Amino acid sequence: MDAELIRRLQEKPALFAPGDAQFWVDPYISKQLLKAHLNPSTEAASRPPDAIRKTVDWITTALGLKIGDHLLDLGCGPGLYAVHFAQQGLQVTGVDFSQNSIDHAVRKAREMGLPITYRCQDYLQLKDGAQYDVVLLIYGDFCVLSPANRAKLLANIRRALKTGGHLVLDVSTPLLRQRVGANEHWYAERAGFWREGHHLVLERGFSYDEDIHLDQFVVIDENGQSCVYHHWFQDYTPERIRRELESNNFQVDGLWGDLLGTPYHAHSEWIGVVAQRL
């Protein structure tokens, strides 16, 4: 094993530097992500089923959504929110970059007899125009993007929304990172999340100005081949998310401590946001 390579891979990367690969489209890792989405006992990829149902009910009531309204779920994963909205009579489209998640979502919709449209697509390439009453971006998806990609995504969402349509999203606050912390350790496995065979994982967290953090994973397989995965996070204050949305032509209608309607307070780890397209 190349010790100098390992040392170099542990150096602090430049802000928003990409990794060697995107783990959510890796044929093996994406299967592990799907398992995490579907596991009700962990919040690693999705919130628990009861929280998802309550979130759907709150959004439907808060926005006054009605049968036939059009909803776009970005980063829909295996369709955990989409099925509940469709059961309430909404016309639902789900978009996700993982083919494994989309395939599962399509099978589930067919089994349940729900007319949901799913697309495997990078939402940064979204071209839909003025056809949705509401767009969802749930569980901190907004936080993992660079400033340039956040602006691009907001432009795509604004184009996709009807005039007066709403964007619903949630973002993490610095308190979540304070509680979770940054990992700095290594471990070896015979098989696990990152690889099918024997592999070594070097995990390290880095912090940057303005509440930006990186979780870096260096995975070295049994043949000595390494791959670096980067998972960036931008934490938000109410003022920061309001300023960013307003500068991209959205009007913030309300901020909460989650997407269940809980009032925001100084100890909230999440901010639930409802914004309107201007």
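Q: What is the bridge partner of His213 in β9?

A: Phe233 is the bridge partner of His213 in β9. Strands (E, at least two residues) and helices (H or I, at least four) are DSSP runs, numbered from the N terminus.

Q: What kind of model is this?

A: The model is predicted: local features need pLDDT of at least 70 and side-chain atom pairs count only at pLDDT 80 or more, while totals for chains, interfaces and linings use all residues. Residues are numbered from 1 along each chain as its sequence is written, and side-chain values use heavy atoms, with hydrogens and water left out.

Q: Back to β9. How many bridges join β8 to β9?

A: Nine bridges join β8 (residues 212-221) to β9, and these strands run antiparallel. Two strands count as paired if DSSP finds at least two bridges between them.

Q: What order do the strands take in that open sheet of four?

A: The order is β6-β7-β8-β9, with antiparallel pairing. The edge strands β6 (184-189) and β9 each pair on one side only. On average, neighbouring strands of this sheet are turned by 15 degrees against each other, direction ignored.

Q: And what is the order in the open sheet of seven strands?

A: That sheet runs β3-β2-β1-β4-β5-β11-β10, and its pairing is mixed. β3 (117-120) and β10 (250-256) are at the edges with a single partner strand each, so one side of each has no neighbour in the sheet. From one strand to the next the twist averages 20 degrees.

Q: How do β1 and β2 pair?

A: β1 and β2 pair in the parallel sense, over five bridges. Leu74 stands opposite Val95 in β2. Together, β1, helix α4 (residues 82-87) and β2 make a right-handed β-α-β unit. A crossover is right-handed if, with the strands pointing away from the viewer, the path from the first strand over the helix to the second runs clockwise.

Q: Is β2 mostly covered or mostly open?

A: Strand β2 (residues 91-96) is mostly covered, with five of its six residues buried. Buried means under 20% relative accessible area, exposed over 50%, and partly exposed in between (1.4 Å probe, protein chains only).

Q: Which residue of β3 does Gly94 stand opposite?

A: Gly94 stands opposite Tyr118 in β3. β2 and β3 pair in the parallel sense over four bridges, and β2, α5 and β3 make a right-handed β-α-β unit.

Q: What about β4, how many of its residues are buried?

A: Five of the six residues of β4 are buried, so β4 is largely enclosed by the rest of the structure. Four bridges pair β1 with β4 in the parallel sense, and Asp73 stands opposite Leu136 in β4. Five bridges join β4 to β5, which run parallel. The chain crosses from β4 through α6 to β5, and this β-α-β crossover is right-handed.

Q: Which strands does α6 lie across?

A: Helix α6 (residues 147-160) lies across β1 (70-74), β4 (132-137), β5, β10 and β11, and runs at about 145 degrees to β5. Angles run from 0 to 180 degrees between N-to-C directions, and axes are lines fitted to C-alpha atoms, for helices over the stretch in contact. Helix α8 (residues 238-246) packs on the sheet too, touching β5, β10 and β11.

Q: Now α2. Which of its residues are buried?

A: The buried residues of α2 are Ile29, Ser30, Gln32, Leu33, Leu34, Ala36 and His37. That is seven of the ten residues in α2 (residues 29-38). They pack against α5 (99-112) and β9 (226-234), where contact means heavy atoms within 4.5 Å.

Q: What is Pro174 in contact with, leaving aside its neighbours within four places in sequence?

A: Pro174 is in contact with Asp211, Asp235 and Tyr236. Pro174 lies in helix α7 (residues 174-180). Gln234 is 60 residues from Pro174 in sequence, and 8.8 Å away in space, C-alpha to C-alpha.

Q: Last one, the whole protein. How many helices and strands does the secondary structure come to?

A: There are eight helices and eleven strands. The radius of gyration is 19 Å, close to the 19 Å that the globule rule gives for 278 residues, so the protein is as compact as a globular protein of that length. That radius is taken over C-alpha atoms, and the rule is 2.2 Å times the number of residues to the power 0.38. Buried residues make up 48% of the 278 residues.
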